[in-house]
Amino acid sequence: MHKILPELRAQFANHAAVVLSAPPGSGKTTVVPPALLAEPWLAGSTILMLEPRRLAARMAATFMAKQLGEEVGQTVGYRVRFEAKVSKATRVEVVTEGVLTRRMQDDPELTGVGLVIFDEFHERSLQADLALALCLDVMSGLREDLKLLIMSATLDTGAVSTLLNNAPVVMGAGQSYPVGVEYCRAGQLPQPQPQPREIAKQVSATIHRALAEQPGDILAFLPGGAEIRHTQALLNAALPSAEIAIHPLFGDLSLAAQTAAVQPDRQGKRRIILATPIAETSITIEGIHTVVDSGWKRSPQFDPNSGLSRLTTQRISRASATQRTGRAGRLGPGYCYRLWSLGEEHGLKPFDPPEILSADLSQLVLDLARWGIHAPSGLRWLDPPPPGHFAQAQEVLHALGALDQQNRITPLGRKMAELPTHPRLGLMLLGAAKQGASSLACDLAALLGERDIIKGRDRSADIEDRLHALAAFRSDGPAAAKALGADTDGCRRVIQTSRQLWEHLPKPARTKGDAPAKTAAAATAAAATAGELLALAFPDRIGQRRALGQGQYKLTSGRGAVLPAHDRLAAHEYLTVAELDAGRIEGRIFLAAPLSKEALMILFAPRLQREEKVFWEEQSGSVKGQRVVRLEELVLATAPLAKPSAEAVLTALLSGIRTLGLSVLPWSEKATELRARLQCLHLWQPDGGWPDLSEAWLLENLEQWLAPYLSGIRNAEQLKKLDLAAILTALLDWKYQSQLDREAPTHLTVPSGSKVRLHYTPGEPPVLAVRLQEMFGLADTPRICNNAVTVLLHLLSPAQRPMQITQDLRGFWEGAYHEVKKELRGRYPKHHWPDDPWQAQPTRRIKPRK
DNA sequence: CTCTCCCT
């Protein structure tokens, strides 16, 4: 690493920004900052170095101080949450990401800072991307002398170099040992979202191979807790526990369990560590010889439609695979089994997508608003925040009162941004202060900001459980908290965070009698309940129980969410849901608190919508009226409405008819025939001005033709009294009425003198069903509609059986009649079946009158 | 079937 220092110095003499690419283990983090301190351009100013984790910041600063023969806090210091070791003499200050963004908000010029170093920039955390964008903004105006160094292990150096106006890229060499890589699968990439059991099977089989083929300890990378549990169960069933120790390792484990996993085994057993990606960068495990990489990881994906994130199991990137493999080569040559094929590897993304593309952006958007930026385009980004995610965050912040109509920060938003917590929780803290409930609010915000203090799969989502554990910890110590199922290190962290939030609260808000709770009784006797306070932060996540016993809730937005199975929170009709996974169809509730209906009504009083709802109730087939109180999609209260307005009744009635269809109306024979005749005329004379009485038109235009007759009607029964024939007739003026009778008559007079009904079906010729004998002597098929439409004759036997269907009567007499005649003579011998139908007397009788 | 980190 020392070899590249001259080049680094030379590049900084001519450039404002330099990119340093060097693999892990190269020592860049601790070698570079002290080496640059003596550069003339840094005279009188300091270096600020950004680390992604507190532990890394502390360790880097401590190591550098030791190299200089000093205590940390002299020339080299650090500043992380809860802890600062810096002095006036400090020239290298190692900070974590949140500290830097806060500092830039308070001192945008970065007074006294000559160089900002971004370490581990390839991790592309949201905060690091934001800090870089802010630095570039500062450099383009306020601080043209500020310099940047981007340090990274496996970075797409081209993109960042381009962003930094073609900054030079300096390449450093690593010092790690060779690791043999074996691809264990041929064939296709497994399905997206693979089953945990499938992954566990593959990983445990490969661990068996590794035990046989390789010496030393094994580190396996799995996507999450479920796969780790399954793998552990498979291995436990097959391996002798006397020789082999299996350790799960993931962030949700207690500190003690994590420590046990990273330390060498006391009895000298071989270790198998089953880890999430926490072992990729955050936790280093010494003595690993073999890595088994499942190739999967689980990560949150923000969905701007729901405003929620959901966990998805995804393929890792090639960069991540390299990082995982490297974990086997820290102390000596190692070996890595990859559970995919070399061919599949080309399908992997080269790098992990940056967090800014998949995270909830509300905190970032609030920070930017404070900076004066209201759109992604206001800054230069390596990857700009997605516009949809950005807009969703603005919407949330606007609803919380942090942004105004123009998306500028409000005074309230400024106060929220001052608090070291998510804007939602910031709003809760400020609101709670007014109610004298600050201490409870601090505990809630701390609980939600830190890992859950209650572990285990069968934990309840009830946040009160956590509050009780905290209270027990405070009054009776760690053992009391542990007895309630809480993790004591977790409790300590939450209490520390809670205290820090308390100290950040505006002074007048911290009234007497609202000091941090000391006992469980004090916590429960607070001025507001957890559910009420959380409702300030999550007004869009009030849950209303759908049905008793199912644990299913409907949220304010209308989305569904479900409690863990058998959770006793399901006894409550209303919940404030603080943490949930968006899920595929239904969300899953992880943390929530009960909320009384009374409190809900008071809390949301200004936002309740009161409306009189008049609607068609299918069950009773009638119009019903209700007074409804709603909170967006939640119906909180209903009461019958005695006298709904006539207008509302009509609207509901019409919608009921539309739902049930035209058949709900009393279609008498007369009305049906009239409608058919008019429909036929509409088809035959498209420009004739006839109304279109198709089902679609009638339903569409109920207001026009039916509504005038509906006054006083409220149910299906009353509809039966309508005279539809009269109503349809009223659609025609007198001229059209007589034209109707002329062109689509109800009856035709046939040669026998009978008036025979015509049957109309839209789209078909009108049918005249008449006994054959009555038509003797008629040559031309009757026509209607100004002779434009030929009637379809159904010529019947004396017993009304159709003998012939035709539109050509002349042709019938001359041809088919003679065949038909023979048959008729056989069946109806008493009737007269003449050989010459032209001359025969048409008749309704058996024999013609003489 | 609950990823991981972080905050003057």
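These legends accompany close-up views of a predicted model of a protein with DNA strand B.

**View 1. Protein residues around DNA strand B.** In the predicted model, 36 residues surround DNA strand B. The closest are Arg54, Thr96, Thr276, Arg298 and Glu418. Of the atoms of DNA strand B that come within 4 Å of the protein, 59% belong to sugar and phosphate.

**View 2. Make-up of the surface near DNA strand B.** Charged residues number 14 on this surface, alongside 12 polar and 10 nonpolar residues. At least two residues each come from helices H4 (97–106), H8 (225–238) and H20 (488–504), and from strands S3 (76–80), S14 (296–303) and S21 (587–594). Helix H4 gives the most, with 4 residues.

**View 3. Side chains at phosphate oxygens of DNA strand B.** A polar side-chain atom of Arg298 is placed 2.5 Å from a phosphate oxygen of DNA strand B.

View 4. The structure holds 0 disulfides. Cys680 is in no disulfide, and the nearest cysteine sulfur, that of Cys785, is 9.3 Å away. A disulfide requires the two sulfur atoms to be within 2.5 Å. Cys680 is buried, with a relative accessible area of 1%. Cys135 is likewise buried, at a relative accessible area of 0%.

Conventions
Residues numbered from 1 in each chain as written. Chains lettered and ligands numbered in written order. Predicted model: local features only at pLDDT ≥ 70, side-chain atom pairs only at ≥ 80, totals over all residues. Heavy atoms only, no water. Buried < 20%, exposed > 50% of the residue type's maximum accessible area, 1.4 Å probe, protein only. Near = heavy atom within 4 Å. Polar contact = N/O pair within 3.5 Å; in protein donor to acceptor, adjacent residues only side chain to side chain. Nonpolar A, V, L, I, M, F, W, Y, C, P; charged D, E, K, R; others polar.
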